[in-house]
Every structure is written in C-alpha cells, then in structure tokens.
Amino acid sequence: MMHYLPLLGILVIVVGFGLRFNPMAVVPAAALTTGLLAGLDLATVVAKLGKAFTDSRIIAIPWIVLPVIGLLERYGLQQRARAVIAGFRAATAGRLLILYLLYRQLISAIGLVATAGQAQTVRPLVAPMAVAAAEKGGPLDDATADRVKAYAAATDNVGAFFGEDIFFAIGSILLIQKTLEAYGIALSPLQLSVWAMPTAVAAFLIHAVRLLLLDRALAKERRS
Amino acid sequence: MIGSQFVYAIVGASFAAYAWLSLFDRTNPRRFGNAAFWGLFALNLIAGTWLGDLANGGIVLALAALATFGLIGRGRPATDEETRAAEGERHGNRLFLPILLVIGIAVAGTLLYDYVPTLFGTGLFEKNRETLVLLCVGVLVALALAYAWLKPSPLAPVEEGRRLVDALGWAAVLPMMLASLGLVLADTGVGKTIGELVLTVIPTGAVLPAVLAFTLGMALLTILTGNAFAAFPVIATAIGVPLLVQAHHGDPAIIGAVGMLAGFCGTLLTPMAANFNVVPWALLELKDPNAVIKAQVGTALPLLAVNTALIYFLAF
C-alpha cells in the first residue's frame, strides 16, 4: 500500500488544476508532496526539483525571439500580416492553416522542429493572418477571434507533434530505441521513424477536415 | 564548441535585461516583484550549471512564491495599437524580412551544417544543438538589420521584448516547472505505479484489450504528467514489451513508434503540457485558458483511435 502514497501528488495536480489554483503553486506543491511521501527529506526534494528545472532549460530557448518580434510589432508587423492576407481573395482561415499545417509537418520531418513554434511563428505571423482571413467575411466578435487564434496555436502543435518523429535523429525516436534495447530488441532509428508516417498522414487529414469545418462554421455564424 | 551553455547565456542575458528595466519602470506598481522574478530566472539560465541543485531548487521555490502571491505585474507598453498600425503602413512588407531572416538562418544553417561534411567535420556546434544556436544567431543578425534600417532607440528591442514577456508573466516559466515535476514523478516511481494500476483494470489476455491498454495507458499517463517522454518507458515496460511484443509477438518497431504517437495525442489534451497548451493562451492573449485544448480535442481523439488501429492491424 505504501508505494501508492506518492500518487497523492497526482491528486494535488488534478484537484489544483480543477479548482483553477495558480499552476505555479500547484506544480511545486505536487512535486513536494510526491517527494516527501516517497520518503525523501525536504532538502533532497528541493534539490531534485532544482536539478530537474535546470536540466529543462532548453525549453526556454525560443523566448530569445521576443525582442525581434516585439520590435517588429512596434513598427506594425501584426497589422502588416493582416494587410497581406486581406490582399488574397481566396484566403480563408481554414485554408491558410492547412497550408501552415503542411509546412509545419514538413519542416519538422526534416529535423527543423525548433525553427517554428508558438513564439517564433504563431504569435507574429500565423495567428494574425488567420484572424485577418476570417475577418474578410465581416468583423469578428472577440470570442470568435479567440477561437481562430486557438486553432492557429493548435495547428502548430499538431504539425510539430506528428511531423517530428519522421526525423530519425529526434529525441523521442532515440528514447524508443533505448527503451527497447534494454529488452534485447535492436532497432535502428530509421526502422522506427518510418512508422511515424502513417500517423502523420492521418493527423494531416483529420486536422485539415476540421479546419475546413471551421471555415464552414465561421461562414454560418456570419449568415445568422 | 558552441552549444547549450552559449544559448542559455544569451537567453539569460535577455531576461537579465528585462529584470533591469523592470526595476526602473514606475508605470508598473509591482516593479520590484518583476525585477526579482526575471532576475532569478536569468540567474538560473546563466549560472544554473554551477549553482548546485539546492540553490537552483531555492530559485524554483522563490519563482513559485512570487507568482503565487501576485507579486508580478505589468508596466504600460511604450507604444499603442494606432501608432503601430500607422508605422506598418509606412514600412510595408519589408517588415517581414527580419523575422523571416531568423527562420531562414535556422533552417538553411542547420541543413548546411548537417549535410555538408566539411562543415559538420569542424565540430563547431554541440551535437543536436545546432538549430537552437543558429536560432540565437539569427536573432542577433535580425536585430542588427533592424537597428540599421528602422533606427529604433538603443533599448527598444529590450523594451518591446519586456512588453511581451510581462504579458506572458509566469506562463513563460511554467513549462520548465512542469518538466521538472515530470522528472520528479518519474524519479519517485509514480509512473510505474500508474502503469501497474492500468494493468489491473484492463483484461489483457486477448490482443485488442492489450493494445487498448497500451495506447490508452500512453495517452492517460501523458495527460497526467504532461510528457509522453516520461510516459513511454513506463508503459513500454509495463505493457508494451511484456504483453504486446513477448506474449503476443507484435512487431516492436510499429508498437514503439506508434505508441509514442498515441502519447502525443495525450499531450494535445492536457494543461500539464504547458508550453504547447498554456503558453499560447498567454502569448495570444486568449480569454479561456483551455481554448487551445478545446481546439485540439477533435483532432486528438480520432487520431488516438487511428493509432490504436494502426498497431492492432499492422503489428500483429
């Protein structure tokens, strides 16, 4: 029974997120709960948390683009992105995001997953362009504009997740290889990464259909 | 060799500059909180390698406390919406050039470095870090170009970067916080216990229930920990290898590759994957904190079914 105790850390997360407490309080609380219930002393848990945080610094690297994006925004980048899209008659939010989905999957599949992302491309380019495309049928209320932006963010995630594993040298493929190797199953990264392709195609088809449905929903809302 | 430490130092320097400017920002009622928050984060980025685990842990708890007790705020932006629209009219489509340059340098630079043997042979960049280094280089080149062309005040990029990072607030740090929770959970065997629980709930004598236990287990553990990388070794050890590969003789390449992707479907569904699902909420200034997840449910669930079917039909 004792080894079920650390699971209370998961409970802290579920309840904390459920009650909409500040995640910055919930997450360390969950880590401390788990560590202490697993029998570690406080200093060890704090040190573990510090080491893990420091080992995760790679996640913060994309923030380096903020000064460039901020500066260009001061000179009107977002407004420019909207103006460009307004010039394309055939552009709709859905079609634009399908193009971006394809780009995101391809660029990730050749190992360049970090060259695009929420900070690098979605905030400065993709989201304002998608909103501008949707606005061509008429002005959007805030909730609808938010929905279009959320779809822009979602499209980046879907494209990255279901493109990157086609690249054989990505971390997740190497992790699969190492895990299976421990059981005497020897596979090359390439043998694994080819099997990311069927899911990549399925992800493209499913998400593209949903983006076309988004277009239809936007058009319908406007008529009513 | 240029690698992780170089990029940590550059990113850290930008946050140190945000901290410094925050300190003197009288339009922000909580300027000391902001300065402490970004300053501590910068300290961890730049010096975390040498500070020692306990000191880094102290920084983590201090960041959490500053965010939890509402000690960080926002200053007034230096420019308003109308000025920016008028500027955009004046500068035209050339405004895209610097940001496209950042992306272009990262893409072309990585491809050149990886596929031209004489370049790769120099060992200039740390292995698998070339794209991130080149991203930083691209930012520096783009800033140089922007200075020469737009002639902003010297501090403008830092001021505007701070505008964005203040809008993000603690959401800029949360992804690292969650990643470290994932590591603590893995370290204390929580994942393994959940894997065992999944096995006791689902009958696994036949192939289909075993495949379902595997893909749903991957998605579920990813939802709880926010990280498919943490889930994979656990679920593969508990279900994937002993049941699917050894007992039912499935193809390990398909089971491994598609199993990881089933986990990615879980990533689309959880606020625990903050850098994908929470950061955009702050970055795009959306009202609903769950807006991105709501936009992803309709893709994630059918795709999870597809992944389950792929393993069931192709691996056996």
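Predicted model: local features only at pLDDT ≥ 70, side-chain atom pairs only at ≥ 80, totals over all residues.
1. The buried residues of α4(B), a helix spanning residues 81–91, are R84(B), E87(B) and G88(B). Their directions span an arc of only 105° around the axis, and they therefore lie on the same side of α4(B).

2. The other side of α4(B) carries exposed residues: E82(B), A86(B), E89(B) and R90(B). An α-helix has 3.6 residues a turn, so residues three or four places apart point the same way.

3. After α4(B) comes G92(B), which has a positive phi, near 65°.

4. A further contact between the chains pairs helix α2 of chain A (residues 23–37) with helix α9 of chain B (residues 174–187); their axes come within 10 Å and cross at roughly 15°. Since angles under 35 degrees count as roughly parallel, α2(A) and α9(B) are therefore roughly parallel to each other. The crossing of α2(A) past α9(B) is left-handed.

5. On the α2(A) side, this contact is made by P23(A), M24(A), V27(A), P28(A), A30(A), A31(A), T34(A) and G35(A). Their counterparts in α9(B) are L174(B), M177(B), L178(B), S180(B), L181(B), V184(B) and L185(B).

Key
Residues numbered from 1 in each chain as written. Chains lettered and ligands numbered in written order. Axes fitted to C-alpha atoms, helices over the stretch in contact; angles between N-to-C directions. Helix = DSSP H or I, 4+ residues; strand = E, 2+ residues; numbered from the N terminus. Parallel < 35°, antiparallel > 145°, perpendicular 65-115°, else oblique. Left-handed = near helix turned anticlockwise from the far one by under 90°. Contact = placed C-beta atoms within 7 Å. Buried ≥ 20, exposed ≤ 12 C-beta atoms within 10 Å, placed from the backbone. Arc of directions from axis to C-beta.
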